[in-house]
Amino acid sequence: MTTHHTEDLDGDAHRTEPELEAELHSGCLAEASRWLRDLLGPEEWVTAAVRRVLDVGSGPGVASCELARAFPQADVVAVDRSHSLLARAGARAAERGLTGRLTTLRAEHPEEFGRLGPAEVIWTGNVCRHLGDQQAAVRSLASALRPGGLLAVCEHGLPLRFLPRDIGMGRPGLQARLDAALEERFAARRAGLSGTTSVVEDWPLLLAAAGLVPTGSRTFLIDLPAPLGLAARRYLHTRLTRLLAEIGDQLTHADRLTVEQLLDEEAGTGILWRSDAFYLTALTVHTARRCARA
């Protein structure tokens, strides 16, 4: 182990887990933003027509900045419930020369979405799943679209994979068991949300039920093979730390010990040093447009 490696890892320590994850997805988010632009029509027309873009559930503003690049004449509004993440979004925009084009706005509840002001493009990433009535949330987002506007809902895709089945510690298949525990915890959380309504998560159908015309879905792959770079390793360490805190009581004693070994920052078997760690996931984006006036 070298001191240089440790210093580089510590350089990411001030970033939150959502920001570390979003930065790993930045290339995918840039590609998705360009796809949205292409869906709307010829580039010259889109550049002139798209004047306001909302990023609902913006987190640290990674998608917001990519949307600002894809729609160069638009004002972009990063919307989130977290003051600290909105502050990071503003700082990120300033670092990228987007001051003046990106503003932030705090909102938390679905009924607030329709009061965000009209926009030609609305992007929302992993927001609806955390709201009790997902259909109501989609309707509220749709109500903020101008005629001809586009709503993009990024939900689900493929769960993150980052370890082989047999990692040489504990019982093989650890990641599958972590996924099962996470799914069980998420289901319990959804059941406890205010106004929880069970819906079939058929996103084109949910978009159509909100009065929009579905315009296609597309999945974007994030594939970072082994050996991983430092940023991905730091994110995985942060993620595993959170998972141990959240679902540790659902794991067997042996699996908890294995996760603790993966979190050991000094051991060669830890996630910060393993040669077999990789990063593979996919984001699925569902789109629909509001009919233009006749």
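**Helix α3**

An α-helix has 3.6 residues a turn, so residues three or four places apart point the same way. Helices are DSSP runs of H or I with at least four residues, strands are runs of E with at least two, and both are numbered from the N terminus.

Helix α3 covers residues 26-40, and its 15 residues should span 21 Å at 1.5 Å a residue. The expected span is 1.5 Å times one less than the number of residues. The end C-alpha atoms lie 22 Å apart, which agrees. Gly41 follows α3 and has a positive phi, near 140°.

**Basis of the model**

The model is predicted; local features need pLDDT of at least 70, side-chain atom pairs count only at pLDDT 80 or more, and totals for chains, interfaces and linings use all residues. Residues are numbered from 1 along each chain as its sequence is written, and side-chain values use heavy atoms, leaving out hydrogens and water.

**Aromatic pairs**

The whole structure holds two aromatic pairs (rings of Phe, Tyr and Trp, the last by its six-membered ring, with centres within 6.5 Å; planes under 30 degrees apart are stacked, over 60 edge-to-face, the rest tilted). Trp35 and Phe220 pair edge-to-face, 5.9 Å centre to centre with 65° between the planes. This pair links helix α3 to strand β7 (residues 213-224), 185 residues apart. Trp35 counts as buried at 12% relative accessibility, and Phe220 counts as buried at 2%.

Tyr235 and Tyr279 also pair edge-to-face, at 6.0 Å and 65°. Tyr235 lies in helix α11 (residues 230-247) and Tyr279 in strand β8 (residues 279-289), so the pair ties together parts 44 residues apart in sequence. Both Tyr235 and Tyr279 are buried.

How values were computed. Buried means under 20% relative accessible area, exposed over 50%, partly exposed in between (1.4 Å probe, protein chains only).
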